[in-house]
Each structure stands twice: as structure tokens, then as C-alpha cells.
Amino acid sequence: MKFKLIMVFVDEDKAESVIDAARQAGASGATIIGNAQGQGLKRRFGLFGLEVLGLRTVLLFLVEARRAGAVMDAIAEAAGLDETAETGVALELDVSRATGLKEHIAMLAREHPL
């Protein structure tokens, strides 16, 4: 079976809705990396000239390749990724090998048949 890794970089307040949308589209779970920092197109500076880095959450979804398009679309809509330059980014990577997914695959086949 082939898999894709979907990485999503969004503001902390959008993480939960993105996870919910991804699950409804066929993702079986997510890895959440909180308190990531990042810069947008323009650098922002605060008091005393110190750079202000926005807090982001990084979400990782390992999904079956056939479901990746639907999951990506659901993520983009839930996060509003194309609304402004500051809403976040999602990307999809090919996974050459994955293990430990036997139960995830069985659950997907039962709950989200293709």
C-alpha cells in the first residue's frame, strides 16, 4: 500500500478544525508539533526592534495515497489556506516505506471504504 505524508503549518487556533476536517476526509490520526515559530512574507518587529515570530502548529498526517487528495482538499478548506498570505501552508510528500499501520489500514477499510 502506498502512503503520503501531508504536512500542515497553521496558526494554533486553526489546528483543531484542520484535524477534524482531515479525519472526516479519511485521515486516521495526526501528529501535532506545537509552538513552532515562523516568518511570513514580511518580517514583523515589535518593541525595541525585536522580531516577532508568529506561533504555528505543525500537523503531520500519514494517509493512504488514494485518500490524500480528499484529505488535502479538506485541510485547505478548513484552514482557509488560500485566503491570505498569512493563513498557512500544506504540502504532500511521497512516502517510500511505512510500518506499524496494519490496524490503521483495517480501520480505514471498515469506516471509510473507497
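The largest nonpolar core of the structure comprises 17 residues, and Ile6, Val8, Leu59, Phe61 and Ile75 have the most contacts inside it. A nonpolar core is here a set of buried Ala, Val, Leu, Ile, Met, Phe, Trp, Tyr and Cys residues joined through side-chain atoms within 4.5 Å. At least two residues of this core come from each of β1 (3-11), α1 (15-24), β3 (54-64) and α2 (65-79); helices (H or I, at least four residues) and strands (E, at least two) are DSSP runs, numbered from the N terminus. The greatest contribution is that of α2, with five residues. In soluble globular proteins, nonpolar side chains tend to be buried together.

The model is predicted, so that local features need pLDDT of at least 70 and side-chain atom pairs count only at pLDDT 80 or more, whereas totals for chains, interfaces and linings use all residues. Residues are numbered from 1 along each chain as its sequence is written, and side-chain values use heavy atoms, with hydrogens and water left out.

Contact means heavy atoms within 4.5 Å. Leu91 counts as partly exposed because its relative accessibility is 29%; buried means under 20% relative accessible area, exposed over 50%, and partly exposed in between (1.4 Å probe, protein chains only). Beyond its neighbours within four places in sequence, Leu91 is in contact with Leu5, Ile6, Met7, Phe9 and Met72. Although Leu91 and Leu5 are 86 residues apart in sequence, their C-alpha atoms are 8.2 Å apart in space.

Lys4 lies in strand β1 and counts as buried because its relative accessibility is 18%. The side chains of Lys4 and Asp94 are joined by a polar contact of 2.3 Å. A polar contact is a pair of N or O atoms within 3.5 Å; within protein, one must be able to donate a hydrogen and the other to accept it, and residues adjacent in sequence count only if both atoms are side-chain atoms.

The helices α1 and α2 pack at an angle of about 150°, with their axes 8 Å apart. Axes are lines fitted to C-alpha atoms, for helices over the stretch in contact, and angles run from 0 to 180 degrees between N-to-C directions. At this packing, Ser17, Val18, Ala21 and Ala22 in α1 meet Val71, Ala74, Ile75, Ala78 and Ala79 in α2.
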